[in-house]
Amino acid sequence: MKNDFIQNVPLFVDLPEGHLALLAGAMRKESRAKGTSVYSAGEPSDALLLVESGFVRLIGENGMALATLGPGSLLGEAEFLRGLDHTMSAVAAGDLELLVLRDDGLRNLIKQNPQIGIALSRNFGEHLVQMEDYLVARLADTKILGDMPRNVLRALARSLHPHPVAASAPFFRAGEPPVGLLLLEEGRLEIRPDQSGGEAYPVQAGEIFGVLPLLTNKTYTESAVAAQQSLVWVLPAAEFHQISSHFPVLRRALGRRVRSRLSQSDQTQAVIRLAQTPIFGQMAPENLQAIAQRLVLHHVPAGEPIYRAGEPGDALYLVDAGEAEITAQNPHGIVEELARIATGGFFGEVSLLTGKNRTDDASATRNTNLWALYKADLDELVGLYPAIGTTLNQVVASRLSAQEEAVDESHFRRFPLLANLSSHDLKTVIQSLRPTRFRVGEQIFRAGTPGDMLYLVEQGHVRMQPLSGSNSWVLGEGEILGEKAVLTNQLQGQSAYAETEVDLLTIGREELEALMMRMPTLSMSLSRLLSQRAVEPGATPFSPEQAQAENPYSQAPTLSAQRRRTAAYRPNEGESGKRLAGVGAWFANLSLGAKLRLALLTLILIYLFGVAAPAALGRLLSGAEISEGEASAVSASVTGAVALRSNEGALVSLQSTEGNSQVVLLAAEGVVPTATYTPFPTNTPIPTATPTITPTPTNTPLPTATNTPVPPPPAPVFVQQAAAEPEPQVQAASVPALPARAWDGRLSQLGMNVADASVAPGQPYWRLIEAKWENEQEAGGKHHIYIEVLDEGGNRIVGAPVTIFWSGGSESGATEDKNPPDYAYNYPMYMAGNSYGAKVEGLPSDVMQGMGLGTPDLPFHTIHTNVKLIFQRTIAP
């Protein structure tokens with residue numbers, strides 16, 4: 001009886017008898033008395049109601065009757081099938097009999113027999129909310145979405161709509177814009193290429209198709225025709241893009257798994273672009289057409305890698321739309337941007353053509369479409385078209401040759417330090433130079449800090465400020481700074497600041513020492529520069545006591561160094577005696593190897609000046625020819641200069657001018673150049689702050705510490721410097737209370753926290769002033785820790801050392817001068833949970849703890865998220 005009654009309901013029309021019987025069996029009879037409520041507006045719609053007898057009055061929000069429904073009418077079916085609340089109320093107009101199908105009953109029925117849900121969805125015109133579980137399982141069974149998280153699949157299932165296709169009818173045609181994400185539920189479709197010679201292929205039930213045009217926003221290159229009556233679930237394109245922006249993992253998964261050959265129109269465009277590249281520009285049109293036919297279109301979402309350093313070079317890429325970023329890690333572990341490849345550009349060709357592994361990383365900065373030429377296709381093309389192989393071999397040879405000759409020697413020879421190097425030596429030195437930039441007013445190094453870097457001014461001006469605070473001077477392009485400290489292992493004698501925006505080339509102590517041992521010319525050039533600048537304007541010797549006063553956190557001099565200074569001092573000797581004592585003390589402190597090298601060098605000079613040169617001069621005056629070696633001896637006797645560096649850090653220049661030899665001790669550890677001695681100023685205690693509101697006893701200042709004057713070591717021969725003036729003492733200003741830290745509350749939900757630095761009042765430290773978290777949507781595919789480091793005035797500090805650490809390892813780098821809004825340093829996260837910590841080195845630092853991938857709901861899932869931190873150099877209150 002129920003079957004006969006329900007088969008005339010529009011929702012159940014054309015259902016097979018078996019489906020009607022199952023539906024009727026799941027329905028239960030319920031009664032309502034006249035005037036009673038059937039349901040009210042705002043209540044959840046949890047059942048499908050079919051009026052068997054009686055009448056129901058529908059009431060709107062204003063209490064007015066909207067309609068009266070009788071037997072055979074469904075009540076609230078739209079809200080029920082969409083999972084919505086009731087939008088109006090229903091009241092029994094008389095005694096009422098209902099057939100009721102509860103939500104759980106329909107879900108169980110569809111789970112046991114999905115065809116009922118499909119039939120109801122077809123009649124309703126959209127998928128039923130009760131179909132979600134079935135559709136989630138259906139999507140999970142597909143190849144390209146099988147590993148998607150369940151929440152992503154559920155979001156997709158909620159937006160699917162059924163679309164019936166009659167036999168032999170086209171579902172879409174080539175040249176049309178993408179319909180959306182398509183899942184064939186039942187039937188069979190045939191995909192027919194829009195190119196001559198292409199073969200049609202079928203789409204079977206349970207397959208997803210039409211993905212690449214949806215990702216790349218290109219028109220269809222093929223047509224889809226129903227081979228029989230079919231049903232397709234459609235996720236409209238607009239809804240797909242909205243879901244993929246909320247769940248970037250969806251676009252990533254599809255982009256990795258879906259690729260295709262270029263359409264006819266794209267091939268035509270590819271031939272034009274290939275002809276404009278230096279690699280393929282000399283090839284014949286038919287060869288370019290053959291290459292274009294082998295190109296593969298694939299999509300890379302924003303933030304996704306294209307390839308990584310160390311991977312085999314199996315393809316070259318042309319950017320069809322979007323942008324690719326090429327980066328590499330320098331020897332200091334800092335990731336540097338090498339290039340950005342926009343639409344029409346290409347990259348990755350060197351590894352493909354040479355067969356070498358990748359030396360850089362490539363990633364998409366935005367959603368990017370690439371045309372890839374893979375090695376297997378290229379090898380096949382070379383076999384079919386030998387001219388392609390010949391052209392590519394010529395390109396490889398010229399590219400490798402160009403790389404070897406790419407160094408602009410004239411640019412580097414403007415540095416006097418490098419001007420006399422051979423081409424081979426110059427290129428070797430250039431490979432060890434690292435560029436860095438400082439903004440106006442930024443400090444490059446501070447007086448009293450260790451000197452572990454030599455700086456060459458490439459562009460701009462640097463102001464050198466001695467400890468005395470006066471007689472500063474400016475260095476310009478081509479000059480060097482920091483050379484004495486790096487060569488003598490002593491503390492910096494002056495502070496250096498960027499007078500203008502300045503570009504510097506730097507080289508570390510160890511690299512410089514290794515180069516000097518291999519390149520005598522570099523040693524001679526450096527000794528010559530040191531001789532010319534032995535007396536720098538306003539420079540004063542920097543003692544360990546001054547270093548401690550300038551920077552109380554610098555390392556105190558070692559006991560062995562103090563003993564060497566004391567041994568080198570002779571208070572009652574004359575000036576010449578002091579000089580001899582200083583040279584003797586320096587020689588005594590040399591290692592055995594250094595003494596032997598100095599002895600050997602002395603014997604060579606004696607031979608050159610005392611034997612070879614006089615003999616060569618005599619023969620020259622008598623008119624006899626002399627050999628090339630004798631001519632070199634004469635030249636050495638006239639303008640000879642040899643530099644020697646000892647293991648103890650001493651640099652000695654043995655020079656002769658027109659036969660008059662002289663030994664210049666440029667610098668040595670424990671022998672500081674000076675002419676007179678001025679006692680160092682006493683350390684003035686910081687005044688005690690006295691409250692003005694409530695009188696309290698003030699702290700009694702500590703007795704003033706007076707440094708006992710220590711006679712300086714003897715000055716090296718031929719070097720004079722002015723005495724240092726007393727350093728004026730500055731009273732410490734009161735430090736205001738610190739503002740509250742800007743803290744994203746979501747960080748606490750994730751278990752992240754800050755370990756505050758342990759510092760005394762008045763002590764400088766790195767304070768974390770802002771911490772922000774970005775979810776998967778806000779991160780835009782990134783998964784990084786971003787760090788900015790500021791000075792007291794809020795200006796970016798370039799070169800600040802940063803450390804990221806985790807259980808079992810750490811990574812250190814330095815901040816860079818990147819264009820806003822990019823942070824100065826970033827580190828990619830790959831672990832979920834509370835895995836990472838971060839701090840700034842050089843001063844005590846707040847430590848950010850407990851960072852990692854994941855969300856508050858899924859903290860141990862590798863969901864792409866970002867953490868953004870800002871540290872500022874601060875004086876503790």
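## Strand β25 and its partners

In β25, Leu370 is the bridge partner of His298. The model is predicted, so local features are reported only at pLDDT of at least 70 and side-chain atom pairs only at pLDDT 80 or more, while totals for chains, interfaces and linings use all residues. Residues are numbered from 1 along each chain as its sequence is written, and side-chain values use heavy atoms, with hydrogens and water left out.

Strands here are DSSP runs of E, at least two residues long, numbered from the N terminus. Two of them pair if DSSP finds at least two bridges between them. Strand β18 (residues 296-300) pairs with β25 in the antiparallel sense, over 5 bridges. Strand β20 (residues 315-321) also runs antiparallel to β25, and 6 bridges join these two strands. Leu370 of β25 stands opposite Val319.

## Nonpolar cores

A nonpolar core is a set of buried Ala, Val, Leu, Ile, Met, Phe, Trp, Tyr and Cys residues joined through side-chain atoms within 4.5 Å. The largest core has 80 residues, of which Phe12, Leu145 and Phe280 touch the most other members. Leaving out residues up to four places away in sequence, Phe280 touches Leu274, Leu288, Ile291, Leu316, Leu373 and Leu392; contact means heavy atoms within 4.5 Å. A second, separate core has 28 residues, including Val789, Ile804, Tyr836 and Phe871.

## Strand β16 and Ser230

Strand β16 (residues 230-236) is mostly covered, with 6 of its 7 residues buried. Strand β9 (residues 161-165) runs antiparallel to β16 and is joined to it by 5 bridges; Pro162 has Trp233 of β16 as its bridge partner. Strand β11 (residues 180-186) is likewise antiparallel to β16, through 6 bridges, and Glu186 has Leu231 of β16 as its bridge partner.

Ser230 belongs to β16 and is buried, with a relative accessible area of 2%. The backbone nitrogen of Arg188 is reached at 3.1 Å, and the backbone oxygen of Gln228 lies 2.8 Å from a polar atom of the Ser230 side chain.

## An open four-strand sheet

An open sheet of 4 strands runs in the order β19-β24-β21-β22, with antiparallel pairing. β19 (305-307) and β22 (335-341) stand at the edges with a single partner strand each, so one side of each has no neighbour in the sheet. From one strand to the next the twist averages 30° (axes are lines fitted to C-alpha atoms, and angles run from 0 to 180 degrees between N-to-C directions). β19 pairs with strand β24 (residues 361-364) in the antiparallel sense over 2 bridges, and Tyr307 stands opposite Ala362 of β24.

Terms used
Buried means under 20% relative accessible area, exposed over 50%, partly exposed in between (1.4 Å probe, protein chains only). A polar contact is a pair of N or O atoms within 3.5 Å; within protein, one must be able to donate a hydrogen and the other to accept it, and residues adjacent in sequence count only if both atoms are side-chain atoms.
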